[in-house]
Amino acid sequence: TKKRKSGFLAPVFGTSNESGFDTQIPYYWNIAPTKDATISPRFMQDRGVLVDTEYRYLNPDYAGSIDLEYLAGDKLKDKQDRSYVRAEHHHRLLQNRGRLDILFANLSDDQYFQDFGTTIGQSSQSFMDRRAEFTYDSESYYISVLTQAYQSVNRSLPAGAKPYQLLPKVDF
């Protein structure tokens with residue numbers, strides 16, 4: 001049938017000079033028609049096991065995803081625990097006139113994407129965005145409240161080049 005099913009996805013194999021043999025075996029879990037998760041243990045010969053998870057949800061008024069990666073005791077970084085968290089949520093409110101958008105991202109250290117990133121975009125990322133925005137649009141007025149900050153993950157930036165923060169910005 002065309003119905004989504006839980007099960008293992010195609011494994012990924014590779015090798016690198018730093019991590020050694022690297023394999024990832026993803027498992028797709030169809031939790032419900034509006035929820036799913038992918039759990040991907042990643043074995044790296046010289047580092048240990050990184051658990052990569054992605055949870056997604058979708059409803060008529062809201063949708064979002066939570067990504068979490070965790071490596072307990074990286075053998076190449078003095079047994080340091082390393083992690084990546086990214087959560088994104090979009091919610092329609094007040095009879096579709098209001099909207100709440102939340103984005104949060106955090107890395108345990110500034111070399112995380114260099115060591116574990118699987119795309120060129122990840123390994124060259126300099127900032128992790130954190131924002132929350134509420135907007136309301138009626139026939140008479142529009143209001144927006146935004147708060148935003150960044151985690152810098154680029155050690156080579158001088159102090160004056162650190163990103164700005166909006167705490168909060170209000171448009172009416």
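Modeller: Contact means heavy atoms within 4.5 Å. This is a predicted model: local features need pLDDT of at least 70, side-chain atom pairs count only at pLDDT 80 or more, and totals for chains, interfaces and linings use all residues. Numbering runs from 1 along each chain as its sequence is written, and side-chain values use heavy atoms, without hydrogens and water.

Biologist: What share of contacts between residues at least 6 apart joins residues at least 24 apart?

Modeller: Take the protein chain's contacts between residues at least 6 apart in sequence. The share of these that joins residues at least 24 apart is 40%.

Biologist: What radius of gyration does the protein chain have?

Modeller: The C-alpha atoms fill a box of roughly 60 × 55 × 25 Å along the principal axes. A compact globule of 172 residues would come near 16 Å (C-alpha atoms; 2.2 Å times the number of residues to the power 0.38). The protein chain has 20 Å.

Biologist: Is Asp-129 buried or exposed?

Modeller: Asp-129 lies in strand β10, residues 127-137 (a DSSP E run of at least two). Its relative accessibility is 17%. The cut-off is under 20% relative accessible area (1.4 Å probe, protein chains only), so Asp-129 counts as buried.

Biologist: Which side chain makes a polar contact with the side chain of Asp-129?

Modeller: Leaving aside neighbours within four places in sequence, Asp-129 touches Leu-103, Phe-104, Ala-105, Gln-148, Ala-149 and Tyr-150. A polar contact is an N or O pair within 3.5 Å, one able to donate a hydrogen and the other to accept it; adjacent residues count only through side-chain atoms on both sides. At 3.2 Å, the partner is Gln-148.

Note on methods. Helices (H or I, at least four residues) and strands (E, at least two) are DSSP runs, numbered from the N terminus. Buried means under 20% relative accessible area, exposed over 50%, partly exposed in between (1.4 Å probe, protein chains only).
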